[in-house]
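The paragraphs below are meant to be read with both of them in view.

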Amino acid sequence: MRFPLALTAKIAKHIIKHKLARTPKFALVLQLEPLHTCNLTCTCCGRIREYSTSLKDMVPLEKCVAAAEECEAPMVSICGGEPLIYPKIEELVNGILQQGRIVYICTNGMFMRKKMKDYLAGIYSPDLEPTLQKLLEDRLISGKDAEAIRQADDATRKKVFIRPTQWMYWNVHIDGLEYTHDLIVEREGVFKECVEAIKMAKILGYQVATNTTVYKETDAQELDEMFKFFSWLGCDAHTISPGYDYDAAKKDMVKRLGKDPKEFFLTRDMTRKKFAKILDWGDAYTLIGTRVYQEFLAGKREMTCTAWAIPTYNIRGWKAPCYLMTDGHYSGYKEMLEKVQWDKYGVVDGKARDPRCENCMVHCGYDPSGALGTSNYQRGDTWKNIKYNFWPKPARYERGHEVNAFNGFSIGKGHLAEAKAAIKVPDKKTDGGSSSRDTRDTTERDKLLTSIRGAKNFGLHSE
């Protein structure tokens with residue numbers, strides 16, 4: 001099977017139950033944002049600006065767990081912000097798993113290895129030594145890390161950890177190969193850390209998915225190379241969605257970066273061109289989602305948004321109408337379902353009901369439509385989805401090591417390379433020679449960085 005039978009069966013059972021009960025609207029996935037704090041400032045992310053006055057606020061653990069229970073979604077995507085910053089992320093993950101739900105931890109990958117080292121310390125016994133040696137050989141932990149794992153005290157061993165289970169995925173943000181990804185997240189070295197975290201996760205038996213957003217200048221060939229590389233690494237699944245110009249992201253881009261959002265985000269026509277090969281990708285790699293949604297992205301059919309099927313809960317309550325647009329927050333899930341005028345949103349027969357929906361083809365609105373058959377249903381759609389899910393899982397790409405994945409920071413060609421060079425000035429040595437020193441004056445670097453970001457191609461292509 002393309003996806004684990006237990007997970008597929010759980011979601012299918014949920015859909016059938018509500019279909020038989022003729023439930024008009026019900027949740028498939030809960031987007032749970034326990035906080036909006038993040039250690040990165042990714043270009044095209046609107047959370048920084050939309051919730052700028054409450055970045056330090058957090059949803060109490062009991063409310064997070066209650067929200068999952070309230071909407072009864074079989075799958076919970078814990079996002080943010082960066083969810084691994086949440087002080088009780090271990091308790092949150094385990095609390096939702098205890099409810100019998102599937103958990104996706106949507107992370108930028110920077111704290112994954114720390115959480116996995118905590119887990120190793122909590123379960124350490126001499127039987128773990130071969131695993132530690134493998135991690136040491138692959139330079140995924142240091143000698144100091146290994147010793148700390150071995151010497152963990154009883155208090156550490158009694159803590160709650162994020163353990164490997166068939167019901168949980170690390171869902172790692174990857175927007176391309178090294179140069180592209182580091183540019184989008186606005187920090188060099190992030191891609192390398194993500195790769196190392198994924199390698200460690202697979203050695204320890206975790207399930208891992210990647211999560212990619214496609215922008216105007218994203219190169220389709222690079223996406224193909226990206227899938228090859230992460231398939232080779234052993235990733236279990238991949239999520240991909242078009243970059244949509246929602247209000248918060250546009251405002252952040254204009255005010256924080258001084259850029260025109262039209263340079264970065266996709267129109268509907270652009271999305272169809274970028275995703276022209278998605279059916280081929282779906283055959284070759286384990287892409288999460290329905291076959292019907294893939295046809296929609298490829299421009300082979302029309303669909304209508306089903307935003308209510310993937311609700312969002314955050315520090316202000318139930319966010320509506322969708323994950324990307326905010327017209328209000330509600331204290332209860334049922335209250336949101338009843339009060340939001342859902343027929344005001346989406347695109348029907350090529351016409352946007354709300355101008356903000358015009359270019360949206362994002363999975364959080366349209367993928368559930370494909371799963372539920374709620375819009376533009378065509379004969380054979382159910383069979384397409386069943387076949388896609390139950391057919392054999394695509395084989396691991398065996399030549400992924402040939403992909404030029406580390407094409408930026410790792411080889412000295414990161415997007416800050418020129419800027420770093422700009423703040424190096426001659427420094428006289430006592431013997432009459434000269435060397436370079438870091439002046440710590442970042443004025444020239446910042447000017448260069450602005451210029452680099454504003455380059456026509458935005459750096460989103462393979463080198």
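What follows leads from the whole chain to its sheet, its helices, its surface and its charged pairs.

This is a predicted model, in which local features need pLDDT of at least 70 and side-chain atom pairs count only at pLDDT 80 or more, whereas totals for chains, interfaces and linings use all residues. Residues are numbered from 1 along each chain as its sequence is written, and side-chain values use heavy atoms, with hydrogens and water left out.

The protein chain contains 20 helices and 13 strands, where helices (H or I, at least four residues) and strands (E, at least two) are DSSP runs numbered from the N terminus. Of the 463 residues, 53% count as buried; here buried means under 20% relative accessible area, exposed means over 50%, and partly exposed lies in between, with a 1.4 Å probe and protein chains only. Among the contacts in the protein chain with a separation of 6 or more, 76% are between residues 24 or more positions apart, a contact being heavy atoms within 4.5 Å.

Next comes the sheet. Nine strands form an open sheet with mixed pairing, in the order S6-S5-S4-S3-S2-S1-S7-S8-S9; two strands pair if DSSP finds at least two bridges between them. The edge strands are S6 (237-242) and S9, each of which pairs on one side only. On average, neighbouring strands of this sheet are turned by 25° against each other, direction ignored. Helix H3 (residues 61-71) packs on the sheet and touches strands S1 (29-32), S2 (75-78), S7 (312-314) and S8, and its direction makes about 160° with that of S1; such axes are lines fitted to C-alpha atoms, for helices over the stretch in contact, and angles run from 0 to 180 degrees between N-to-C directions.

Strands of a sheet pair through backbone hydrogen bonds, either parallel or antiparallel. Which sense do S8 and S9 show? Strand S8 (residues 317-321) and strand S9 (residues 326-330) are antiparallel, paired over four bridges, and a hairpin of four residues joins S8 to S9. Within this pair, Lys319 stands opposite His329 in S9. Strand S5 (residues 207-214) and S6, by contrast, pair in the parallel sense over six bridges, with Ala209 opposite Ala237 in S6.

The buried residues include Glu178, His181 and Asp182, and what covers the buried residues of H9 includes strand S4 (168-173), helix H10 (190-204) and helix H11 (220-233). Just after H9, Glu186 takes a positive phi of about 65°.

On the surface, Met1, Leu5, Trp383, Ile386, Phe390 and Trp391 form a nonpolar patch with about 620 Å² of accessible area together. Patches are made of residues with over 30% relative accessible area and no salt bridge, with like charges joined within 9 Å and nonpolar side chains (Val, Leu, Ile, Met, Phe, Trp, Tyr) within 5 Å, and accessible areas come from the Shrake-Rupley method with a 1.4 Å probe, only the protein chains shown counting as cover for residues. Helix H18 (residues 381-390) gives the most to this patch, with three residues, and Phe390, which has its place in H18, is partly exposed at a relative accessible area of 40%.

Side chains of opposite charge can pair when their charged atoms come close. A salt bridge is a side-chain nitrogen of Lys or Arg within 4 Å of a carboxyl oxygen of Asp or Glu, and by this rule the count comes to 27 salt bridges. One of them joins the side chains of Asp224 and Lys228 (3.7 Å, N to O); being four residues apart in helix H11, Asp224 and Lys228 are separated by about one helical turn, and both are buried. Another joins Arg272 to Glu302, with the closest N and O atoms 3.0 Å apart. Arg272 lies in helix H13 (residues 268-274) and Glu302 in the loop between helix H15 (291-297) and S7, so the pair ties together parts that are 30 residues apart in sequence. Arg272 counts as buried at 18% relative accessibility, whereas Glu302 is partly exposed at 30%. Finally, salt bridges that share partners join Arg113, Lys192, Glu193 and Glu196 into one network.
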